[in-house]
Amino acid sequence: MRRRALRAGLLLTALTTLAGCNNSQSVLSPRSEPARDISTLWWWMLLAATIVFVGSLSFIVLAFVLRRRRGAPVIGEREGTLNLVVILFGIAIPLVAVIAVFAVANFVVVASTDARPDRPRDVTVKVVGRQWWWEIDYPGTSAVTANEMHIPVRTHVDVQVRSADVIHSFWVPRLNRKIDLIPGEHNHVGIYADRPGRYEGQCAEYCGLQHANMRLYVIAEPMSRYRAWLRREAAPAAAPTGATAQRGERLFLRNACASCHQIRGTSADGRVGPDLTHLAERSSLAALTISNTPSNLARWVRNPQHIKPGNRMPGLHLGDRDFTDIVTYLRGLR
């Protein structure tokens, strides 16, 4: 019985360790200078905590081994030395460690990760947190997207955040610290990626039933590719080609879809759900809940509550052909 429990414990430890190897949202795999400062602070805090823990454990073990002897371990019955050891390890060292960590965290790391309005930024992106997805737009352009933010690599980006409903928290761990989105307030955080890549972010403040499925990608790419993407994203939706897609557009505009979603270039101007102008270009649906494949899109349109319970998208009471037409139309929104 004990062997089985031991094996189960070892297996659980191994699985936990392997799970921790996934660095998609790891603060220990930084890709910007602010994130590196946070990671360095974390390692120093771990080192200090390890020293204190090992020191305390050593004294406990030593006291247990020498428990039959009179006086304190090592120093014997010398009361003055004992008082000095207690003051040193019980008060002085912890106090110095706490003050040092507090000073570094507040006057160095916070300053390096802060996004003050007076700091120049090359690109500005506005992010609105909604239950449970992210609306992203680029001031000065018509580009609006959802759950996927594109930024140029090696460029300082000012992310201006606000909430449309409850408190959220915008956090891309590999690029910078998190920032809260408080209803009625505007906030800022700077992000910077020193190499191209796709960085996963997360709402870091509990915001309701689907909090865990309120994620996003930050896609850092060379400036030329970023500008090309921004031009495409700012363009209106292309007219559907083919009879099936054209029927799908008419169905979309006649039903509740058009009152909840916007598709630029059409009469659909809803603001409840994400902008779908270039939906087919996105890699995921429902804030990274499922990948954006034809089969997943069909499942989502048919029964969104089954995939993401509690979200604001209702199911449509349509026939099989109507669903096929709408999905065909949406797949063409590039």
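The model is predicted, so local features need pLDDT of at least 70 and side-chain atom pairs count only at pLDDT 80 or more, while totals for chains, interfaces and linings use all residues. Residues are numbered from 1 along each chain as its sequence is written, and side-chain values use heavy atoms, without hydrogens and water.

The whole structure holds five aromatic pairs, where rings of Phe, Tyr and Trp (its six-membered ring) pair if their centres lie within 6.5 Å, and planes under 30 degrees apart count as stacked, over 60 as edge-to-face and the rest as tilted. Two of these pairs are tabulated.

| Pair | Centre to centre | Angle between planes | Geometry |
|---|---|---|---|
| Trp 42 and Trp 43 | 4.9 Å | 85° | edge-to-face |
| Tyr 138 and Trp 229 | 5.4 Å | 70° | edge-to-face |

Tyr 138 lies in the loop between strand E2 (133–137) and strand E3 (144–146), and Trp 229 in helix H4, 91 residues apart; helices (H or I, at least four residues) and strands (E, at least two) are DSSP runs numbered from the N terminus. Ring pairs also join Tyr 138, Tyr 226 and Trp 229 in a cluster.

Residues are classed by relative accessible area: buried under 20%, exposed over 50%, partly exposed in between (1.4 Å probe, protein chains only). Tyr 138 is buried at 3%, as is Trp 229 at 7%. Trp 42 is partly exposed at 38%, and Trp 43 is partly exposed at 46%.

Helix H4 (residues 223–234) also contains Arg 231, which is exposed at 60% relative accessible area.
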